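Reader: I am new to this structure and would like to go through one of its chains step by step. Could you take my questions in turn?

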Amino acid sequence: MFSEFKSVLANPRQSLQQVLNFALVLSTAFMLWKSLSVISNSPSPIVVVLSGSMEPAFQRGDLLFLWNRDVGAEVGEIVVYNVKGKDIPIVHRVVRKHVTMPISGIEASANGSTSIPSPKLLTKGDNNVADDTELYAKGQSYLDRNEDIIGSVRGYIPAVGYVTIMLSEHPWMKTAMLGIMGVMVMLQREQ
Amino acid sequence: MASPPQKISLYNLTDLKTQTDDALAPILTSLPSTSKFTQNHYFTNVRLVLGYVAVTIAGVLFYADWKLGWDATKAYTAPACVAYFLLNGALTYWAWAIESGKVFVGTRKGGQKLTLSSSVTKHQPIYKLKIRYEAPKTGTRFVDDQTIEGSFTQWFNTHGFLDKKALRRWLAGNIEVVGLADPEAKKEWDEEREDERVDEEVVSAGAMRAGATSSTPTNDGNATKRGRPKKA
């Protein structure tokens with residue numbers, strides 16, 4: 001242990017380089033994720049289906065790609081939303097949509113353009129008996145398109161997200177994986 | 001000060017190269033008398049700064065995102081991503097095009113500069129060293145470029161340990177300025193070469209004698225049999 005520490009001090013640049021290699025792997029992954037967020041305008045552009053509530057359309061473990069640059073949402077569209085106070089995003093289908101039509105002149109802003117009000121949506125899981133009113137926050141009976149929706153589903157890859165379900169259900173796997181990754185990057189050198 | 005000797009696999013070309021690369025600086029910075037080189041870390045420093053600035057940007061964004069959430073950080077995320085990937089690109093370009101294998105840059109009293117770049121070809125145990133020696137001769141600058149090659153077997157022993165003295169002899173014997181600065185190692189290198197030359201002469205003389213015997217008609221059949229027993 002002591003001799004290792006001594007060799008770190010003897011060649012600080014090489015040690016800094018090895019730490020940097022590890023940090024670059026992590027930070028590149030994070031920044032790619034953030035770039036995808038910026039492009040899709042969604043805080044979470046890729047999600048994994050955690051429940052079977054959308055079967056047979058989506059199975060547990062499917063990987064979904066989201067897009068959040070559309071202003072509205074149509075009935076029949078599959079959206080992902082976050083409920084206030086709950087952390088887990090939910091993937092369900094829009095079954096009802098309400099738009100408060102602007103009374104002409106009142107909602108028009110100073111420069112003459114009318115702002116489109118955010119539609120109110122009701123969602124339901126294809127495989128669920130009832131709609132999602134029960135899942136929403138207390139007193140909430142509709143989702144707000146702009147406030148609650150984090151994206152609509154534009155593409156998916158079946159099953160590949162199952163790894164993350166395994167990792168979150170068995171936390172020790174996460175620790176082991178991170179440890180192995182770290183050791184590998186620290187030990188091997190470029191080339 | 002120096003790290004303990006490290007045993008490596010002699011079949012791992014990456015290990016052979018990096019071990020040799022790492023051993024160059026200690027030799028060149030500890031040459032005798034006033035002719036030793038002082039290592040210049042400019043290229044490494046630039047690489048480290050580029051890398052750590054990029055990592056810091058990512059780290060700050062990660063912390064802000066964790067503490068404040070997406071809505072608050074949204075406006076800063078795009079510029080941060082652009083800056084990160086620009087720095088990352090610059091780092092890649094620097095390491096690939098500008099550094100391109102430089103393993104030692106050193107200057108010594110008088111302003112002479114020695115730059116060594118190493119490379120290997122996949123699956124060939126040959127260490128290639130590109131040497132550039134620059135001296136500020138009065139008025140005009142003197143530049144000397146040279147490329148040398150050496151087999152790793154010359155300075156790695158059969159147990160997988162680097163023989164620093166052998167590497168030092170190889171450097172002194174092949175790089176003129178190092179040889180002049182390190183006459184002792186140069187002398188040892190020349191003596192080794194002399195021994196090898198004598199050995200070769202003895203071997204070739206022996207071969208000639210063997211050739212002479214086998215050409216006698218009575219021995220011809222036997223010699224062929226002995227020479228290629230498996231194929232016959």
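This is a predicted model: local features need pLDDT of at least 70, side-chain atom pairs count only at pLDDT 80 or more; totals for chains, interfaces and linings use all residues.

Reader: Which elements does chain B contain, and in what order do they run from the N terminus on?

Author: The secondary structure of chain B comes to seven helices and five strands. Read from the N terminus on, these elements follow the order α-β-α-α-β-β-β-β-α-α-α-α.

Reader: How far apart do the C-alpha centres of domain 1 and domain 2 of chain B lie?

Author: The domain assignment of chain B gives domain 1 as 9-37 + 108-209, and domain 2 as 38-99. Between the C-alpha centres of these two domains of chain B, the distance is 37 Å.

Reader: Which strands of chain B stand at the edges of the sheet?

Author: The five strands of chain B form an open sheet in the order 1-2-3-4-5, with antiparallel pairing. Two strands of chain B have a single partner strand each, so one side of each is left without a neighbour in the sheet, and these are strand 1 (38-39) and strand 5 (142-151).

Reader: Which residue of strand 4 of chain B stands opposite B:Ser117?

Author: Strand 3 (residues 113-119) and strand 4 (residues 126-135) of chain B run antiparallel and are joined by seven bridges. Across from B:Ser117, the residue in strand 4 of chain B is B:Lys130.

Reader: At about what angle does helix 1 of chain B run to strand 3 of chain B?

Author: Helix 1 (residues 13-28) of chain B lies across strand 1, strand 2 (102-107), strand 3 and strand 4 of chain B. Relative to strand 3 of chain B, the direction of helix 1 of chain B is at about 165°.

Reader: Which residue caps the N-terminal end of helix 4 of chain B?

Author: Helix 4 (residues 164-174) of chain B has several buried residues, among them B:Leu167, B:Trp170 and B:Leu171. At its N-terminal end, a side-chain oxygen lies 3.2 Å from the backbone nitrogen of B:Lys165, and the residue that supplies this cap is B:Asp163.

Reader: Is B:Arg47 buried or exposed?

Author: B:Arg47 lies in helix 2 (residues 42-68) of chain B. Because buried means under 20% relative accessible area, and B:Arg47 has 14% relative accessibility, B:Arg47 counts as buried.

Reader: With which side chain does the side chain of B:Arg47 make a polar contact?

Author: Leaving aside neighbours within four places in sequence, B:Arg47 is in contact with residues including A:Leu20, B:Leu91 and B:Trp94. The polar contact of its side chain, at 2.3 Å, is with the side chain of A:Gln17.

Note on methods:
Residues are numbered from 1 along each chain as its sequence is written. Chains are lettered from A and ligands numbered from 1 in the order in which they are written. Side-chain values use heavy atoms; hydrogens and water are left out. Domain bounds come from an automatic or database domain assignment. Helices (H or I, at least four residues) and strands (E, at least two) are DSSP runs, numbered from the N terminus. Two strands pair if DSSP finds at least two bridges between them. Contact means heavy atoms within 4.5 Å. Axes are lines fitted to C-alpha atoms, for helices over the stretch in contact, and angles run from 0 to 180 degrees between N-to-C directions. Buried means under 20% relative accessible area, exposed over 50%, partly exposed in between (1.4 Å probe, protein chains only). A polar contact is a pair of N or O atoms within 3.5 Å; within protein, one must be able to donate a hydrogen and the other to accept it, and residues adjacent in sequence count only if both atoms are side-chain atoms.
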